[in-house]
Amino acid sequence: MNPNASIDSDLLPDFRNMGVLLRILVFVHLALFVYTLIGLGQWQTWPENLAASVLWLEFSLLPAVLVLGLASPLLARLDYSRGVLVTCVLAALAGTFGHWVLMPGPANWNALLASAAVIVASALTLLKYFHLRQRALSPRLSEARLAALQARIRPHFLFNSLNAVLSLIRYEPAKAEQVLEDLADLFRVVMKDNRQLSRLDREVELAKRYLNIEMVRLGSRLKVQWNTENMPGDAAVPPLMLQPLVENAVYHGVEPALNPAPIEVHVFRFRDQLHLDVKNPLPPPDAVREHVGNGMALENIRERLLLHFDAEATLTTQAASDYYQVHIVVPYREIAHDDAASPFFGG
């Protein structure tokens with residue numbers, strides 16, 4: 001698969017994704033249950049027939065799922081048509097091997113061929129389902145991108161940034177030039193097609209550029225503690241995931257407070273998961289709050305996490321009297337090159 005392909009193109013499901021695996025297991029077992037009921041001669045024999053069918057299924061399905069999960073990084077490099085072919089071949093070989101282990105002895109070629117045919121038919125049916133689901137969800141990714149675009153371009157931010165530049169041009173022209181460069185980079189990312197996954201180090205750099213712009217306006221009031229010692233820079237994350245969080249932290253935690261505490265950003269990898277925490281102070285309960293959030297940014301990020309990573313990603317929030325914290329967990333997926341990558345479709 002072309003790593004720079006659009007997410008609107010045909011993509012194989014990620015066979016390591018928990019949502020994909022659950023859908024496969026549910027579909028196959030329901031199909032087996034219906035098949036067993038249809039083939040019953042006598043109702044009294046259904047427990048024995050179902051038990052025999054389930055035994056055959058598990059010895060065929062589990063090896064196929066295991067092999068496809070291990071082969072997912074290799075399948076990612078193939079175009080869709082070749083990926084479908086290789087997926088069917090791997091599933092058939094692994095499933096047939098499991099069937100042969102279940103029935104040791106002289107090879108029954110007719111039974112093995114029949115088993116392989118059933119596995120290929122099931123694989124094609126499931127791939128068609130995931131393909132149709134991908135096509136159905138692609139417009140939602142476009143809508144999520146537009147919502148992110150609208151949420152990010154806040155008129156007050158652009159107005160304040162330009163005012164900050166004007167105040168620096170005469171006395172600190174080099175700093176004014178740097179602010180304009182940061183502002184241009186920020187809007188360049190916002191305006192481009194953001195439906196592909198991005199490297200985590202790029203997202204951190206973008207958030208820092210945004211904070212550099214705000215620091216010109218807020219001065220010493222804006223302090224940020226970065227804890228990124230254990231951050232995997234090559235991790236794949238949805239674009240514009242971190243910058244909206246730090247923007248919300250500035251907007252709701254720093255601007256309204258007279259003596260705000262630092263914003264804390266923690267990014268680290270634990271086992272096969274990437275964790276991202278953004279914690280910002282809140283003004284005292286009796287303070288006048290000019291900014292009331294509507295949750296648009298968080299809902300947008302939550303939807304894009306679901307579309308990219310399915311059930312393997314979570315976004316949780318914690319609110320206290322003096323702080324607000326957002327915690328995101330996504331599976332660790334590596335982007336080894338510099339360009340943004342189009343992911344497997346989560347399912």
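Tutor: Happy to! Helix 3 gives the most, with 3 residues. V101 lies in helix 3, and its relative accessibility of 40% makes it count as partly exposed.

Keep in mind that this is a predicted model. The protein chain holds 9 helices and 7 strands, and 46% of its 347 residues are buried. Of the contacts between residues at least 6 apart in sequence, 78% join residues at least 24 apart. The accessible surface of the chain is about 17,900 Å², with 62% of that belonging to carbon and sulfur atoms.

Now to the part you asked about. Side chains of opposite charge can pair when their charged atoms come close. A search of the whole structure turns up 9 salt bridges. One of them joins the side chains of R333 and D14, at 3.3 Å from N to O. R333 sits in the segment after strand 7 and D14 in the segment before helix 1 (18–38), so this pair ties together parts 319 residues apart in sequence. Are these two partners buried or exposed? R333 is buried, at 17% relative accessible area, and D14 is buried too, at 6%.

The surroundings of R333 are worth a look as well. Leaving aside neighbours within four places in sequence, R333 is in contact with D14, R16, N17, D234, A235, A236, F309 and E312.

A second salt bridge is formed by D310 and R23, whose closest N and O atoms are 2.5 Å apart. D310 lies in the loop between helix 9 (296–309) and strand 6 (314–319), while R23 is in helix 1, so the pair links parts that are 287 residues apart in sequence. Here D310 counts as buried at 8% relative accessibility, whereas R23 is partly exposed at 23%.

R209 counts as partly exposed at 22% relative accessibility, and E205 as partly exposed at 39%.

To finish, let's return to R333: salt bridges that share partners join D14, R16, E312 and R333 into one network.

Methods: Residues are numbered from 1 along each chain as its sequence is written. This is a predicted model: local features need pLDDT of at least 70, side-chain atom pairs count only at pLDDT 80 or more; totals for chains, interfaces and linings use all residues. Side-chain values use heavy atoms; hydrogens and water are left out. Helices (H or I, at least four residues) and strands (E, at least two) are DSSP runs, numbered from the N terminus. Buried means under 20% relative accessible area, exposed over 50%, partly exposed in between (1.4 Å probe, protein chains only). Contact means heavy atoms within 4.5 Å. Accessible areas come from the Shrake-Rupley method with a 1.4 Å probe; for residues, only the protein chains shown count as cover. A salt bridge is a side-chain nitrogen of Lys or Arg within 4 Å of a carboxyl oxygen of Asp or Glu.
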